[in-house]
Amino acid sequence: MSNLATKILPNVENIKKETNNIKHWYRKATVRTTDRIIVPSFDSDEYIFPPSRQPLVSHPLVISKGEETIGYILAQSAYQYMYDIGLLETRFVIDCSLNIVNNVIEGFSDVTKREALAVVIDEGYHAYVALDFIMQMKEQNKIEPLEVPHSNGNLDAVRNAYKVLRPEIHNHFQLISVTLAEHTLTKDLLAIGDEKNTTETFNQVMSDHVADEGRHASFFMTATTNYWPKLPEEVKVEIGQFLPAYIDEYLKGDETRDFDRKVLLAAGFSEQETQTILDDTHEEYMARMNSYIQKTTLQLVEAVEKMRMFDHEPTKQAFIAHGHQVD
């Protein structure tokens, strides 16, 4: 792919859009405009994490243990969410953005590279805010996280993809997978930021994050839209054939609920009580997870279509063969 460099020349419309994005970044990027977010005390009347996102806390056995147990379970959910943000930003989005800047993903203009650096700064800031949130929680509430994850579903899916795809096309696939992840994250942040019964602080973290993520999602969508047509046919065929299965893997949920089990045991429930709570809440858990997967799959297929990847007939046929409705 050495001859891909210099082929992706920005058109006038893209240059104007990217220039406007940079002006917007100087005026509005949260790293330039936001004060430090202070996490409230555990004694606050508000929950640190939306209870509607953690069905365990609605179970009678959990409620009977009181607010301290509910707060503990929600604190562990908040830790997990913040660690997940840090992993996604530092090990996935920033890495891809730097690969654009340093020509590992070849052929982008200086205008695009400058915007990729803005993404690096923004995402580094969001990872910083997430870690600061975690550190303040530990200091304020004296609750330690049960575990510090070293990976997540997104990173696992990409790692598995790299085992299937040829090494020489990993960088091309990285750009596409990050574009899909940024598209998903923006919509997730919008949804969780609207949740009720959570702290103003948590919602502020989500609101600040989504204020930047919309711009990032647009940046990666434009980058992939311009990049995809320039790829050699054999690369488009290999990625296009693999992409439907990747989306399934990327959105796969944790049906075993290992994290929930660990949290309940750490909260003081017996093995039998823990299994009862998991069994009683499993229908709601699975319904919520399957609804999310169904909705997000449709959104990602729409994103693939918007990036004009279905102009490549073998890719379009691969999605149709996988059961997707594609015009």
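The second largest cavity has a volume of about 50 Å³, in a predicted model where local features need pLDDT of at least 70, side-chain atom pairs count only at pLDDT 80 or more, and totals for chains, interfaces and linings use all residues. Residues are numbered from 1 along each chain as its sequence is written, and side-chain values use heavy atoms, without hydrogens and water.

On a 1 Å grid over the protein atoms alone, a cavity is a set of points where a 1.4 Å probe fits but cannot get out, a pocket is an open set with protein on both sides within 12 Å along at least five of seven lines, and lining residues have an atom within 4 Å of a point. Volume is the space filled by probe spheres set on the points, which are joined across faces, edges and corners.

Ile-37, Met-82, Ile-85, Tyr-125, His-126, Val-129, Ala-130, Val-205, Asp-208 and His-209 line this second largest cavity, and α5 provides the largest share, four residues. Helices here are DSSP runs (H or I, at least four residues), numbered from the N terminus.

The largest pocket holds about 1,800 Å³ of space; among its 50 lining residues, Gln-80, Asp-84, Gly-253, Asp-254 and Tyr-285 are the closest to its centre. α4 gives the most to that lining, with 10 residues.

| Lining | Classes |
|---|---|
| Second largest cavity | seven nonpolar, two polar, one charged residues |
| Largest pocket | 21 nonpolar, 13 polar, 16 charged residues |

Ala, Val, Leu, Ile, Met, Phe, Trp, Tyr, Cys and Pro count as nonpolar, Asp, Glu, Lys and Arg as charged, and the others, Gly among them, as polar.

Definitions and conventions:
Helices (H or I, at least four residues) and strands (E, at least two) are DSSP runs, numbered from the N terminus.
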